[in-house]
Amino acid sequence: MAQFLLVFTVSLLVIGGMVAIMMMARTPRYRTEPDTLLDIFDKTLAGDVSETQWHAVVGYPIRHDDYLESVRRRAQGLMQEYGQPWQAAQGGFLLARTGREELKILRDHLAARTALRNSRSS
C-alpha cells in the first residue's frame, strides 16, 4: 500500500506540474518583420525561392503592422494573378515577368519606407 501511495503521489506531482507549466506558458508568436518580407521578395526576384517558402512567409497574416499586412496582401495577390509554381518547381521563376516587375516595385517601396523609418528612429 505504501508503494502504491508513493507512485500515485509522484505521478500526481508530475502531471500537476506539467499542467501548471502549460497553463502559465504563452503560445509562441511569430512576427513578420520588414526584413523578412524584403528577403523573400529578393529571393523571388532572383528565382531562388520555392512555393513552400513563399507561402510560409506571405501566407501568414501580419497583425502587428497594418502597412506590412497590406504589403503582404498585395504580394499574395501577385501570386494569385501571376504565380507559376510549376515553373519554380523546374528551376524557373515563381512569378511571371509582369508579376516580378510589380513585385520589384512593391519591394522597392517597402525598402524605402523601412530605411526612412530606421533613419527616423536612429
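A residue counts as buried here when its relative accessible area is under 20%. Please keep in mind that the close-ups below come from a predicted model.

**View 1. Leucine 110, a buried residue of helix H6.**
Let's start with leucine 110, which sits in helix H6. Its relative accessible area is 1%, so leucine 110 is buried. What does leucine 110 touch, leaving aside residues up to four places away in sequence? Its contacts are Pro34, Leu37, Leu38, Phe41, Tyr67, Leu68 and Val71. Have a look at aspartate 35 as well: in sequence, 75 residues separate aspartate 35 from leucine 110, while the C-alpha to C-alpha distance between the two is 9.3 Å.

**View 2. Threonine 114 and the backbone of leucine 110.**
Stay in helix H6, which spans residues 97–121, and you will find threonine 114. Is threonine 114 buried or exposed? Its relative accessibility is 12%, so threonine 114 counts as buried. A polar atom of the threonine 114 side chain lies 2.8 Å from the backbone oxygen of leucine 110. Not counting residues up to four places away in sequence, threonine 114 touches Pro34 and Asp35. Pro34 is also among the residues that leucine 110 touches.

**View 3. Helix H2 beside helix H4.**
Now for a pair of helices. Two packed helices are described by the angle between their axes and the distance between those axes. Helix H2 covers residues 34–46, and its axis comes within 11 Å of the H4 axis, crossing at roughly 20 degrees. Angles under 35 degrees count as roughly parallel, so H2 is roughly parallel to H4. The crossing of these helices is left-handed. From H2, the contact is made by Pro34, Leu37 and Phe41, and from H4 by Leu68, Val71 and Ala75. By class, these residues divide into six nonpolar, no polar and no charged.

**View 4. Helix H3 against helix H4.**
Here H3 (residues 51–58) packs on H4 (residues 66–82), with axes 10 Å apart and an angle of about 150 degrees. Angles over 145 degrees count as roughly antiparallel, which means that H3 is roughly antiparallel to H4. H3 passes H4 in a left-handed crossing. Which residues make the contact? Look for Glu51, Trp54, His55, Val57 and Val58 on H3, and for Arg72, Ala75, Gln76 and Met79 on H4. This contact divides into five nonpolar, two polar and two charged residues.

How values were computed:
Residues are numbered from 1 along each chain as its sequence is written. This is a predicted model: local features need pLDDT of at least 70, side-chain atom pairs count only at pLDDT 80 or more; totals for chains, interfaces and linings use all residues. Side-chain values use heavy atoms; hydrogens and water are left out. Helices (H or I, at least four residues) and strands (E, at least two) are DSSP runs, numbered from the N terminus. Buried means under 20% relative accessible area, exposed over 50%, partly exposed in between (1.4 Å probe, protein chains only). A polar contact is a pair of N or O atoms within 3.5 Å; within protein, one must be able to donate a hydrogen and the other to accept it, and residues adjacent in sequence count only if both atoms are side-chain atoms. Contact means heavy atoms within 4.5 Å. Axes are lines fitted to C-alpha atoms, for helices over the stretch in contact, and angles run from 0 to 180 degrees between N-to-C directions. Angles under 35 degrees count as roughly parallel, over 145 as roughly antiparallel, 65 to 115 as roughly perpendicular and the rest as oblique. A crossing is left-handed if the near helix is turned anticlockwise from the far one by less than a right angle, and right-handed if clockwise. Ala, Val, Leu, Ile, Met, Phe, Trp, Tyr, Cys and Pro count as nonpolar, Asp, Glu, Lys and Arg as charged, and the others, Gly among them, as polar.
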